Amino acid sequence: MKFKTIIEPFRIKTVEPIRQTTYAQRIAAIRAAHYNVFQLNAEDVLIDLLTDSGTGAMSVYQWAGMMKGDESYAGGRSFHAFVKSVNDITSFRHVIPTHQGRAAEHIISRAMLKAGSIVPNNTHFDTTRANVEHCGAVALNLPIAEGHEPQTIHPFKGNMDVAALERVLRENVGNVPFVMITVTNNSEGGQPVSMENIRRTSELCRAHGVPLFIDACRFAENSWFIKTREPGYADKSPLEIAQEMFRLADGCTMSAKKDGMANIGGFLAMNDDALAATCRNSLILTEGFPTYGGLAGYDLEAIAVGLYEALDPDYLHYRIRSVEYLAEKMIAAGIPIVRPAGGHALYLDAKSWLSHIPPHQYPGWALSVALYVEGGIRASEIGSVMFGRQSDGSEQAADLELVRLAFPRRVYTQSHMDYVAEVLLHLRSVAKEIRGVRIVEQPATLRHFTSKFELLPN
Amino acid sequence: MTRCRSWAEPWKIKVVEHIRMTTAADRDAHIREAGYNTFLLRSEHVYIDLLTDSGTNAMSDRQWAGMMMGDEAYAGSRNYYALEDAVREFYGFPYLIPTHQGRGAENILSKILITPGDHVPGNMYFTTTRVHQELAGATFHDVIIDEAHDPASDHPFKGDVDLDKLDALVREVGAERVPYTSVAATVNLAGGQPVQLSNMRRVADYCRARGIRVILDATRAVENAWFIQQREPGMHHHSVAAILKLMCECADGATMSGKKDSLVNIGGWLGLREESLAEQARGLVVVYEGLHTYGGLAGRDMEAMAIGIRESVEEDHIRSRIGQVHYLGQRLIDAGVPVVRPLGGHAVFLDAAAILSHLPREHFPAQALAAALYLESGVRAMERGAVSAGRDTTGENRYPALELVRLTIPRRVYTQAHMDVVTESVAEVFEQREQVQGLSFTYEPELLRFFQARFELVGRRE
């Protein structure tokens, strides 16, 4: 193409006002939230980069689908539209809708795991890990070594350490009910997994007779990275790449709130008939009847349409480029980030940026508080608060102390990103004044959502 | 009760959804393919869908406007606060935990309140509620009044709790093994039958004196409030909204499926009065549902539910809602079809045991009647009898006193003309009732078998 500027492949049909706050208002708000950005009122946030999950803008076609939602309790046509889309993309025989991704994880964990089972994954996400551990099983992370090195450039830092996986499978025969591979690898910085790596993982699993499940939340973004970075895939469409990826697995869990371009929803898909029957029975208890799975018919329609929109090359080009755009500004300013930039988020390396705050004072968390107070920006910590507490209750520093600036899909413009960059540059100049935090009160699981904190003296 | 005077729907139609009639040959093929289970039919093969009133409502233009105002922030969405306000204002529970639907709330409540070995009394079981109680290790005990089990009794409040039965259970197992009494308003499986306010107050007094909580299944509490207004002495001058609040005052907590009374397609909540319980519930909601300020719902769904709650207590709405159910019921009574009396709030329940008296219980007359009704006219109804009741702990079929087919009316969806077609279809099947054959299982799931079970005809007369 003759022009270099990448535009949003859409125009705006509906807007939602956002509100400026004063510094004093933000101080009051973060205090009331006990220094936990999850506890802030969304109205007090100017730019919300807490998550890309369920925060996307739907298209006119998805809204039209919403109006076509068939709300029949059983056998609705929206369900059949949903199954058709998922079948086409994943080729899995059984498609089971759930109200969101964690419910799919919960059901598959309950169906397949028992106390002492081991689940290897390139890196478990927080809810996946919670669901695995809830069953008394061990959630084992096996990323390649480069995955832990924020500054190392590697095109597929999300890859599974296949040699380590082979050892685990060899030494734990009969005790690994399934292997998971998360695309993209969220907790390691939204880093992609190569087709080659998925293929080798798949071959290994098949040789050991262990099913492979893909945690497919960001399958479309991963497909784009394969297309643009992996030899031999440049001429394939993201849809073809996704189809190839899913054919290497035996099933998947999906949060449609990411690459389903929906505000709510998820699914579980698989080939095994007996396992599907078990999962459907379990689904009815906690989710809903198998043809709606705890979703409204209109949600199923929105996902059926959204899955294809997420695979549109123009959209993916714009999507990945938006993150790179902010990343380039950070690199130019010398702010440490995980490199290369991930698919759905920019990850600030709080450990090296705020080296004056030790891990037990949660540098990532401290940075997320500062981002809000200084600029009204909400981001989430992915570090020792999220992962530090071990299943025995002890505390262990996470490998990485990251702050994730997650990009909601199709929501913010380039000028919003310019503002974010400006706030970050300002934070660089006051970095030494950012104070560590202490946990005052915490729940038994998933503590980052509801824990209360206080600021430590400088 | 005397026949209702004419009423009109307090709305006009803004958006329509097409439905399609099928041929008898089509329907024969479809019902076989569905294993004679109406749950397994595709909705596009259904003409008038009376399977359930759950999540099948038509939303108003105001609710759709609310849908466009969804705040999809992961945490602290303003729609959560709108829902919290509506629940506080109309139900009066200070602590709100949103869930993706009612069973999500039941799952969490059972897990926080029940210790294995406990006993939970309730005014008749409901399918998903009992399963959650049992999975948490409790035994369910039916303490509803005897009249509830008699389809012909015209007791005005067949949902009432029998205090003597409740007292006998508490004396037998000890109050400390009874974490809560479950009061459903209305009682779905008794035929959508209401509970009296005075009865709820007596239950509350009895339980509170013994340190037992009362948990309200508030799914159709607004419909129940309307019956109280119409039938309970001294209540006629209270608004439905005021009665709803009085009912909730009898409870320490409530589980709610917004898919019924609250006029939405998805959503539910758990309401509590105790902060410590709310904390425990929030710890679990994040595992099963979603962060406690969205509970597995989109922001827009919470907004639609908040608006739906306000619409649900409007007198004109509830009068036409129940008026329509009673219109259908009265026409069926006029046609001589045995139905559960008095007519309930959300559905007309056909007495399948009386209609198909030639079929033994083990041939599932209600399942057979629902299949026959679909074959006749494309009307989809739901079995509420032995198939729904499942098996007891020894593996034997439970045969509840009531063997019913439920014609459930979605809110604001069908017109009087649709109800006329349903009447004609049921009357036709009733005329031909001796031709209807029984069914036996070809596939039977372990839990909540009615959803996915498959059947074949027994004793097919060639």
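Let's start inside chain B. Gly268(B), Leu270(B) and Leu272(B) point one way from β8(B). Trp269(B) and Gly271(B) point the other way. All of these residues are buried. Keep in mind that this is a predicted model.

Why two directions? In a regular strand the side chains alternate between the two faces of the sheet.

Now the strand itself. β8 of chain B covers residues 268–272. It is mostly covered, with five of its five residues buried.

Which strands pair with β8(B)? One is β2 of chain B, residues 95–99. That pairing is antiparallel and runs over five bridges. Look for Pro98(B) here: its bridge partner in β8(B) is Trp269(B). Another is β7 of chain B, residues 253–257. It also pairs with β8(B) in the antiparallel sense, over five bridges. Here, Ser257(B) stands opposite Gly268(B).

Next, the interface. How many residues of each chain are in contact? On chain A it is 46 residues, and on chain B it is 47.

Which helices of chain A supply at least two residues each to the side that touches chain B? They are α5 (126–134), α10 (273–286), α11 (297–309) and α17 (447–450). α10(A) gives the most, with five residues.

And the make-up of that side of chain A? By class, it has 18 nonpolar, 22 polar and six charged residues.

To recap: β8(B) is a strand with five of five residues buried, paired with β2(B) and with β7(B). On the chain A side of the contact with chain B, α10(A) gives the most residues.

Key:
Residues are numbered from 1 along each chain as its sequence is written. Chains are lettered from A and ligands numbered from 1 in the order in which they are written. This is a predicted model: local features need pLDDT of at least 70, side-chain atom pairs count only at pLDDT 80 or more; totals for chains, interfaces and linings use all residues. Two residues are in contact if their C-beta atoms, placed from the backbone, lie within 7 Å. Helices (H or I, at least four residues) and strands (E, at least two) are DSSP runs, numbered from the N terminus. Ala, Val, Leu, Ile, Met, Phe, Trp, Tyr, Cys and Pro count as nonpolar, Asp, Glu, Lys and Arg as charged, and the others, Gly among them, as polar. A residue is buried if 20 or more other C-beta atoms lie within 10 Å of its own, exposed if 12 or fewer, and partly exposed in between; C-beta atoms are placed from the backbone. Two strands pair if DSSP finds at least two bridges between them.
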